[in-house]
Amino acid sequence: MRPQRLRPVLIAVCATAVLTLTGAVPAVAAPAAAPARTAPVRAADVAPGLTPLTDLFAQRLLLADKVAAAKYGTDKPIDDPVREQQILDDVAARAVGLGLDPEAVQAVFRDQIEANKVVQRGLYARWDAHPAQRPTERPDLVKEVRPQLDRITTEVLDALQRTAVVRGGASCEPRLAVASVRSAFGYRLDVLHWEGLARAVSSVCSR
């Protein structure tokens with residue numbers, strides 16, 4: 001399966017799995033109003049390979065809820081080219097020290113940025129349509145959210161280094177699909193976040 005064909009397949013599989021296996025309805029991602037999540041079952045704890053990456057992608061996608069809550073109703077746009085370029089420049093420089101291809105690493109992180117935008121835009125649309133579901137608190141992007149994103153960035157870089165052989169192998173795409181499904185269920189992602197995860201994995205396989 002070609003990498004560019006993996007995303008629509010994952011979206012279809014993920015959406016069907018959520019509705020069929022769990023009977024879930026897309027959750028409302030409001031930091032203050034949503035029910036407290038129980039501790040997730042990390043896929044990386046029960047399966048080796050690419051699950052450390054997909055678990056981290058899922059964590060990053062859940063933080064998109066807080067980013068959206070911080071920006072919604074303000075003059076801060078979802079797109080932040082300056083901040084995005086800072087992230088891409090930083091990971092490219094760090095990739096060299098880890099023996100990774102800087103351009104390939106940038107592609108992975110560009111996918112993370114775009115995946116987070118998928119979630120943010122989906123939440124904006126939901127909140128516009130259903131005002132009662134809008135977040136009641138505004139997280140602090142600088143003090144609360146970005147330190148968590150920075151931590152995940154470091155862990156993703158380490159995971160990319162550890163999984164270089166797997167990501168370059170012929171079995172990367174099917175293994176990535178399985179890891180993505182396990183992480184999505186482990187972190188109890190709703191359909192919107194499933195879609196984000198499908199976008200996030202686009203450049204993982206290097207073949």
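In the predicted model, the contact between helices α2 and α5 is formed on the α2 side by Pro52, Leu53, Leu56, Phe57, Gln59, Arg60, Leu63, Lys66, Val67, Ala70 and Lys71, which meet Leu141, Glu144, Val145, Gln148, Leu149, Arg151, Ile152, Glu155, Val156, Ala159, Leu160 and Arg162 of α5. Sorted by class, the residues of this contact comprise 14 nonpolar, two polar and seven charged ones. Two packed helices are described by the angle between their axes and the distance between the axes. For α2, which spans residues 51–71, the axis comes within 10 Å of that of α5, and the two cross at roughly 160 degrees. Because angles over 145 degrees count as roughly antiparallel, α2 and α5 are assigned to that class. The crossing of α2 past α5 is left-handed.

Helix α2 itself consists of 21 residues and extends 30 Å from its first C-alpha to its last, which is close to the 30 Å expected at 1.5 Å a residue. Of these 21 residues, 19 are buried, so that α2 is largely enclosed by the rest of the structure. The helix is followed by Gly73, for which phi is positive, near 80 degrees.

Helix α5, comprising residues 141–162, also packs with α3, residues 81–97, at an angle of about 35 degrees and with the axes 11 Å apart. This crossing of α3 and α5 is right-handed. On the α3 side, Arg83, Val91 and Arg94 take part, and they meet Arg146, Asp150, Thr153, Thr154 and Leu157 in α5. By class, the contact of α3 with α5 contains two nonpolar, two polar and four charged residues.

Within helix α3 lies Glu84, a charged residue that counts as buried because its relative accessibility is 16%, below the 20% limit applied to buried residues. When neighbours within four places in sequence are left aside, Glu84 is in contact with Asp79, Ile113 and Lys117.

A further local feature concerns Arg188, which is located in the loop between α7 (172–186) and α8 (191–200). The phi angle of Arg188 is near 55 degrees, a positive value in a residue other than glycine. With a relative accessible area of 42%, Arg188 is classed as partly exposed, since that class lies between the limits of 20% for buried and 50% for exposed residues.

Methods:
Residues are numbered from 1 along each chain as its sequence is written. This is a predicted model: local features need pLDDT of at least 70, side-chain atom pairs count only at pLDDT 80 or more; totals for chains, interfaces and linings use all residues. Side-chain values use heavy atoms; hydrogens and water are left out. Axes are lines fitted to C-alpha atoms, for helices over the stretch in contact, and angles run from 0 to 180 degrees between N-to-C directions. Helices (H or I, at least four residues) and strands (E, at least two) are DSSP runs, numbered from the N terminus. A crossing is left-handed if the near helix is turned anticlockwise from the far one by less than a right angle, and right-handed if clockwise. Contact means heavy atoms within 4.5 Å. Angles under 35 degrees count as roughly parallel, over 145 as roughly antiparallel, 65 to 115 as roughly perpendicular and the rest as oblique. Buried means under 20% relative accessible area, exposed over 50%, partly exposed in between (1.4 Å probe, protein chains only). The expected span of a helix is 1.5 Å times one less than its number of residues.
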